[in-house]
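Hello,

Here is the structure for you to take over. Please open it first, then read my notes below.

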Amino acid sequence: MALNVPKGEFVQKLLPHGADAQLVNFLLQDLAREKIVTMEGDAVDVPGRSKRLGGAEGELARAIEQRFAEAELQPPPVSELINERTQKAKVIEGVVSFLVKQGTLVRLAEGIYVHRDALARAGERMASRRGETIDVGLFKEYFGLSRKIAIPLLEWFDREGVTKRVGDSRQVL
């Protein structure tokens, strides 16, 4: 299986000094014709690029995923993971990015990642309040959250159609 890479990022790596759009399109189409890449919308798939991490990175990914799974809606900041581990910061950030691309972690805001299972459980809890109107204070209390997590989580629920913002409150849909 392959990993999707945004077209812009792929082109930047391929042609770091830039090129005109016609040349870029020609090269991408040629790579696709030769079955070196496949294109899906605004993403380039590079076949053979594994969707799984092996060896030490695989172990690190499992450990980080476990940490987020156990943390539920109190996720550790990436800086905390970096301080706790012996691996370089770039490796840990790369593994977190991999887990996001894979769909295991969801980025709620800059530096705030939550495990998809924790979000699913939170969504189920919110469904039990369907039809109610809640404000940030009640939401924080309901989930035992700090404002730092509550606001991005509410915004995520808005985007996912779980809640709808009405003034300073949210309608649970």
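One aromatic cluster is made up of Phe 139, Tyr 142, Phe 143, Trp 156 and Phe 157. Keep in mind that this is a predicted model.

The aromatic pairs in the structure number four. Take Tyr 142 and Phe 143: their ring centres are 5.0 Å apart and their planes stand at 75°, so this pair is edge-to-face. The angle decides that, because planes over 60 degrees apart count as edge-to-face.

The two residues also have their own surroundings. Phe 143 is buried, at 11% relative accessible area. Tyr 142 is partly exposed, at 22%. Two arginines lie over the face of Tyr 142. Arg 125 is 4.3 Å from the ring centre. Arg 129 is at 4.4 Å.

Now the nonpolar cores. The largest has 22 residues. Among those with the most contacts inside it are Leu 73, Leu 108, Met 126, Phe 139 and Phe 157. Strand 4 (105-109), strand 5 (112-115), helix 6 (116-127), helix 7 (136-143) and helix 8 (147-160) each give two or more residues to this core. Which of these elements gives the most? Helix 8 does, with six residues.

Beyond its neighbours within four places in sequence, Leu 73 is in contact with Val 114, Ala 118, Ala 122, Phe 143, Leu 145, Ile 149 and Leu 153.

Another core, of 13 residues, lies apart from the largest one. Its members include Ile 64, Phe 68, Ile 92 and Tyr 113.

Best wishes

Notes:
Residues are numbered from 1 along each chain as its sequence is written. This is a predicted model: local features need pLDDT of at least 70, side-chain atom pairs count only at pLDDT 80 or more; totals for chains, interfaces and linings use all residues. Side-chain values use heavy atoms; hydrogens and water are left out. Rings of Phe, Tyr and Trp (its six-membered ring) pair if their centres lie within 6.5 Å; planes under 30 degrees apart count as stacked, over 60 as edge-to-face and the rest as tilted. Buried means under 20% relative accessible area, exposed over 50%, partly exposed in between (1.4 Å probe, protein chains only). A charge sits over a ring if NZ of Lys or CZ of Arg is within 6 Å of the ring centre and within 35 degrees of the ring normal. A nonpolar core is a set of buried Ala, Val, Leu, Ile, Met, Phe, Trp, Tyr and Cys residues joined through side-chain atoms within 4.5 Å. Helices (H or I, at least four residues) and strands (E, at least two) are DSSP runs, numbered from the N terminus. Contact means heavy atoms within 4.5 Å.
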